[in-house]
Amino acid sequence: MAVYDPDLWPANWILSLIARGEIKRFYKSREWKQIRRDVLKNQKSRCWDCEHKSPAENRHARNVHHINPVRERPDLALSEYDEQGRINLVCLCDSCHWERHHNRRDVVIPERW
């Protein structure tokens with residue numbers, strides 16, 4: 001298993017962008033555009049979340065989403081899979097991408113009194 005090292009590329013590059021408030025430069029980079037293109041092609045531009053609903057839906061995806069957030073795991077920013085082989089980049093339709101970023105549902109644990 002690879003150990004996260006913030007001094008190795010791409011983590012050091014991304015951390016420097018974050019520190020300067022320039023993370024948007026990452027998403028405009030040639031490296032990101034290439035991996036994004038590859039992920040959309042590999043996953044046939046189908047929305048990951050919609051395909052895993054019950055019943056499954058077949059919706060077109062335009063977005064590539066990081067399962068491990070870039071700010072938390074900059075070393076995985078350009079990796080389709082993490083060090084354990086779990087998927088890190090997934091295709092999402094606009095609706096599911098919005099849901100993942102803006103409408104996160106908190107887990108509600110009912111009181112047991």
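## Terms and basis of the model

Buried here means under 20% relative accessible area, exposed means over 50%, and partly exposed lies in between, computed with a 1.4 Å probe on protein chains only. By this rule D82 is buried, with a relative accessible area of 9%.

The structure is a predicted model, in which local features need pLDDT of at least 70 and side-chain atom pairs count only at pLDDT 80 or more, while totals for chains, interfaces and linings use all residues. Residues are numbered from 1 along each chain as its sequence is written, and side-chain values use heavy atoms, with hydrogens and water left out.

## Salt bridges

A search of the whole structure finds eight salt bridges, each being a side-chain nitrogen of Lys or Arg within 4 Å of a carboxyl oxygen of Asp or Glu. One of them joins the side chains of D49 and R100, at 2.5 Å from N to O. Because D49 lies in helix α4 (residues 48–51) and R100 in helix α5, this pair ties together parts that are 51 residues apart in sequence; helices are DSSP runs of H or I with at least four residues, strands are runs of E with at least two, and both are numbered from the N terminus. D49 is buried at 18% relative accessible area, whereas R100, at 25%, counts as partly exposed.

The side chains of R73 and D75 also meet in a salt bridge (2.7 Å, N to O), and D75 counts as buried at 19% relative accessibility. In the bridge between R86 and D82, the closest N and O atoms are 2.9 Å apart. Salt bridges with shared partners join R20, E22 and R25 into one network.

## Nonpolar core

The largest nonpolar core has 21 residues, and those with the most contacts inside it are F26, W32 and C47; such a core is a set of buried Ala, Val, Leu, Ile, Met, Phe, Trp, Tyr and Cys residues joined through side-chain atoms within 4.5 Å. At least two residues of this core come from each of α1 (11–19), α3 and β2 (89–92).

With residues up to four places away in sequence not counted, W32 touches F26, Y27, V64, H66, A77, L78 and L89, where contact means heavy atoms within 4.5 Å.

## Largest pocket

The largest pocket has a volume of about 470 Å³, a volume being the space filled by probe spheres set on grid points that are joined across faces, edges and corners. Of the 18 residues that line this pocket, Y27, H65, H66, H97 and H101 are the closest to its centre. On a 1 Å grid over the protein atoms alone, a pocket is an open set of points where a 1.4 Å probe fits, with protein on both sides within 12 Å along at least five of seven lines, and lining residues have an atom within 4 Å of a point.

β1 gives the most to the lining, with four residues.
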